[in-house]
Amino acid sequence: MKSHVVASKRRAQRKLQLGAPSSIKRRLMSCHLSKTLRAEHKLRALPIKRGDEVKILKGKFKGRGGKVVQVYRRRNVIHVDKIQREKQNGQTVFCPIRPSYCIIEKLLNNKDRKKTIDRRAANKIKAGEKHKE
């Protein structure tokens, strides 16, 4: 499935990304896989899902990690279970983290995710054979 976000102007690109439907934002909110997962599944990136374990590479929480608690598509951020801060009134809240700042360390495996990985790996093999001819 291709993303329908295609524009040459920066302003138009931004408008299309921010106003995209949830199904397209799912693809836009992808994370790179760790080197071990990349070698195992022969894929570079996958859309992030609740339950995946991530490691943060950029920002204030660099080097820390945890399990994804929420994928907040409306704000284009994820919430990680161990990344919280305390508000002035004592309440703890999750800190928003951009998915592009993370790598997936451990995948949540279910039948839908497995089907997606198999399909994408098969397409990659098929494309490789096409280029050899």
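In these legends a residue is called buried when its relative accessible area is under 20%, exposed when that area is over 50%, and partly exposed in between, as computed with a 1.4 Å probe on protein chains only. The structure is a predicted model, in which local features need pLDDT of at least 70 and side-chain atom pairs count only at pLDDT 80 or more, while totals for chains, interfaces and linings use all residues. Residues are numbered from 1 along each chain as its sequence is written, and side-chain values use heavy atoms, with hydrogens and water left out.

View 1. Six strands form an open sheet with mixed pairing, in the order β2-β1-β8-β3-β4-β5. The edge strands are β2 (45-47) and β5, each of which pairs on one side only. From one strand to the next, the twist averages 50 degrees, where axes are lines fitted to C-alpha atoms (for helices over the stretch in contact) and angles run from 0 to 180 degrees between N-to-C directions. Strands (E, at least two residues) and helices (H or I, at least four residues) are DSSP runs numbered from the N terminus, and two strands pair if DSSP finds at least two bridges between them.

**View 2. Strand β8 and its two partners.** Strand β1 (residues 30-33) runs parallel to strand β8 (residues 102-106), and two bridges join them. Within this pair, H32 stands opposite I103, and L33 has I104 as its bridge partner. Strand β3 (residues 53-56) runs antiparallel to β8 and is joined to β8 by four bridges, with K55 standing opposite I103.

**View 3. The β4-β5 hairpin.** Strand β4 (residues 65-72) pairs with β5 in the antiparallel sense over four bridges, and Y72 stands opposite V77 of β5. The two strands form a hairpin with four residues between them, and N76 in the turn has a positive phi of about 60 degrees.

View 4. Leaving aside residues up to four places away in sequence, N76 touches L18, K25, M29, R98 and P99, a contact being heavy atoms within 4.5 Å.

**View 5. The largest pocket.** The largest pocket has a volume of about 360 Å³, and of the 14 residues that line this pocket, the closest to its centre are Q17, L18, L28, N76 and R98. Helices α1 (10-18) and α2 (22-28) each supply at least two residues of the lining, and the largest share, five residues, comes from α1.

**View 6. V93 in strand β7.** V93 has its place in strand β7 (residues 92-94), and with a relative accessible area of 23% V93 is partly exposed. Not counting residues up to four places away in sequence, V93 touches I83, Q84, R85 and K87. V93 and M29 are 64 residues apart in sequence and 21 Å apart in space, C-alpha to C-alpha.

**Note on the pocket terms.** On a 1 Å grid over the protein atoms alone, a pocket is an open set of points where a 1.4 Å probe fits, with protein on both sides within 12 Å along at least five of seven lines, and lining residues have an atom within 4 Å of a point. Grid points are joined across faces, edges and corners, and a volume is the space filled by probe spheres set on the points.
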